[in-house]
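Subject: Structure handover

Hello,

Please find the structure below. My notes on it follow directly after.

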Amino acid sequence: MIEITDLRRIYHMGNVEVKALDGVTLTIGKGEFLGIMGASGSGKTTLLHMVGLLDQPTSGRIMIDGLDILGLTDYEKTMFRLYKLGYVFQDYALVPDLTVMENVSLPAMLRKDRTEAQVKKDSYSILEKIGLCDRRDHLPRELSGGQQQRVSIARAMVNKPDILFADEPCANLDSENSRMVLDLFHEINEEMQQTIIMVSHEDWHKEYFHRIVRLRDGKIFSDGTNGAHHH
Amino acid sequence: MGKKELKVAFLLALRSLQRGSRSSVVLTVLIIAMCFTNMVFLPGLFNGIGEGIITQIVDYEVGNVMVGAKTGEQYVTDLDATLDLINSMPGVERATPHISKGATLKYRQRILGVSVKAIKPGDEKYVSPLYSKMVAGSYLGEDDTGEVIIGKPVAGDATIKQEDEFQPSLGGVRVGDSITIEYGNGYTKDYRVKGIYFTGWTSTDNNVFITWSDMEQVEGKTLDYAEYITVKAKPGYDEKFIKNELQQYGVTGYVQTTGDLLKKAMGSVMQSFAIINMVSLVVGVIITTVVLFIVITIKTINSRRQIGILKAIGVDKEVIMHTYGLQVVIMALLGICFGIILTAILAVYLAANPIVTPEWKAYLLLTPGDYITNSLILFLAAVVAGYVPAWQVSREDIQSAMRA
């Protein structure tokens, strides 16, 4: 359960004050596939980064499973991201010098509760799930955009995080690959009851979301369940 | 930082070196190797020159310990008793006397002023390797009379015109030729050239050697005195130990070790070498530090977004810092190893082909201590140069890094 209360983020650009988030209050339940939508500059990515501990809000509170995550130290935040959160970025953000297998294994290798054998097994099985096992020794530059994004999802999922954040994961993909990625998210959400928070500005993506929060000028413009989600 | 974190940092560092820009890695390793060579070569060469000079001074001038006349006196007196006393002491291989006299050599139309030295050839063999430096003819025998050995520069070369000579010579004396020696006291005698030697040590090569008994003929009396006695130490015996012994046992004369003499003769030279070595070392270390700092700074600046992503997915800043730090460590180790190989090859080459001047022969004298010290200095400089930018970039917040 994620509870966001009166979240604000103000940027100062010279003498101008820009309110990227202006008092967002939101609760996200476990297992939800939440879509955050809105026009460019509406605050979607800022909200995702705040909840995902990638940025610090100006004010407000974020509780995840009863823990005030904004009060954590730098190191605790890093460990929280490692153990509890997974990220999929718009530009895939894979380490170019690591193979597919190494990229996927990387977060798992850092966990103190995983043996080397477990890391290998988990990485292998998630690569099998996304259908890229035969590409495990390839470097990211040898893969297509869609394949790279699937590897990025595998990396985000290898630690079986409580929450998966996706920041416009289909922005650089064609519709066929986009659908493949969204189907993968849907599958993960359905099979593992995985909470997914995804930012998108593509209207057709909404068919995948259980719930859609629309932002405008840093405020929630609408928040509702999506009865029309396609599966 | 735990073992797992270090393992991840090492993996990231290794992969970056293996799969990143190879030319950048090769060039950086080469720069480190060149800096190492620069740090080691000049001091090694100076050490080689110093060691070469010391060896020649010991071999041809003073031995390990030299007993000279007491202050205010011209000679070491009571020679036989003194020699017996010195030779009976533990640690002394052999003591041998020297006396010299200014003279004029005459050969055909050539006249040359030289110093004629009298030696006891048998004892001299234990103290000086002169006997092994004969380039023509043979060394003096203990009872030889009327025979002389001369340095190659003194003998000269018949094919070179007198005006073209580097230094005056007798113009091409050969073994078996007869030369006339006219001593300062008016005594003149013809000697047969028994041998011609070349040591590479100028002051010896410009000498002429006769036997002790021949010098007695020159002086017209038995010589129970010498200008100085050179003493050769047995292997493993310290010069200072022998000096102390000689003084304790009442050897009359002024006793000095090679070290004492060198301090006087070459102290300022060695000090200058040490200053040049230090400047070369500091410059080498600064160059390496700056180059590595720039290389790693550029690398981290180009990887800022990737660093942001790594932090976002839960990679701790310490791991990120070590990722870049370890890259420098690996490159520094490779560079130092390459530098060691390079300098070892140079040392072997210079040992076979020393730099020869009229005064000395120089080779590269490198001890394991030199290698260890310079490797450690360079390694530490590299680690500092690598870790400072790595530390800086690892502390950047995720948002700024990811926006880069």
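Predicted model: local features only at pLDDT ≥ 70, side-chain atom pairs only at ≥ 80, totals over all residues.

Residues are numbered from 1 along each chain as its sequence is written, while chains are lettered from A and ligands numbered from 1 in the order in which they are written.

Sheet in chain A

Helices (H or I, at least four residues) and strands (E, at least two) are DSSP runs, numbered from the N terminus. Two strands pair if DSSP finds at least two bridges between them. In chain A, six strands make up an open, mixed sheet with the order S6-S7-S8-S3-S9-S10. Its edges are strand S6 (85-88) and strand S10 (219-225) of chain A; each has a single partner strand, so one side of each is left without a neighbour in the sheet. On average, neighbouring strands of this sheet are turned by 15° against each other, direction ignored. Helix H5 (residues 145-157) of chain A packs on the sheet, where it touches S6 and strand S7 (163-167) of chain A, and its direction makes about 170° with that of S6(A). Axes here are lines fitted to C-alpha atoms, for helices over the stretch in contact, and angles run from 0 to 180 degrees between N-to-C directions. Contact between two residues requires that their C-beta atoms, placed from the backbone, lie within 7 Å.

Strand S9 (residues 211-216) of chain A pairs with S10(A) in the antiparallel sense over six bridges, and A:Arg211 stands opposite A:Thr225 in S10(A). The loop between S9 and S10 of chain A holds A:Asp217, which is not a glycine but has a positive phi of about 55°. A:Asp217 counts as partly exposed because it has 14 C-beta neighbours inside 10 Å. (Buried means 20 or more other C-beta atoms within 10 Å of a residue's own, exposed means 12 or fewer, and partly exposed is in between; C-beta atoms are placed from the backbone.)

Hairpin in chain A

S1(A) and strand S2 (residues 16-28) of chain A are paired in the antiparallel sense over 10 bridges. A:Met13 stands opposite A:Val16 in S2(A). Two residues lie between the strands of this hairpin, and A:Gly14 takes a positive phi near 70°. Strand S1 (residues 2-13) of chain A also contains A:Asp6, a non-glycine residue with a positive phi of about 45°.

Contact between the chains

Chain B gives 16 residues to the contact and chain A gives 20 residues. On the side of chain B that touches chain A, helix H1 (3-19), helix H10 (304-312) and helix H13 (398-403) of chain B each supply at least two residues. H1(B) has the largest share, six residues.

Chain B

An automatic or database domain assignment divides chain B into domain 1 (3-57 + 265-403) and domain 2 (70-252). Their C-alpha centres lie 51 Å apart.

In helix H8 (residues 239-248) of chain B, the buried residues are B:Ile242, B:Lys243 and B:Leu246. They cover an arc of only 100° around the axis, so they sit on the same side of H8(B); the arc is that of the directions from the helix axis to the C-beta atoms. B:Lys240 and B:Gln248 are exposed on the other side of H8(B). After H8(B) comes B:Gly250, with a positive phi near 75°.

Regards
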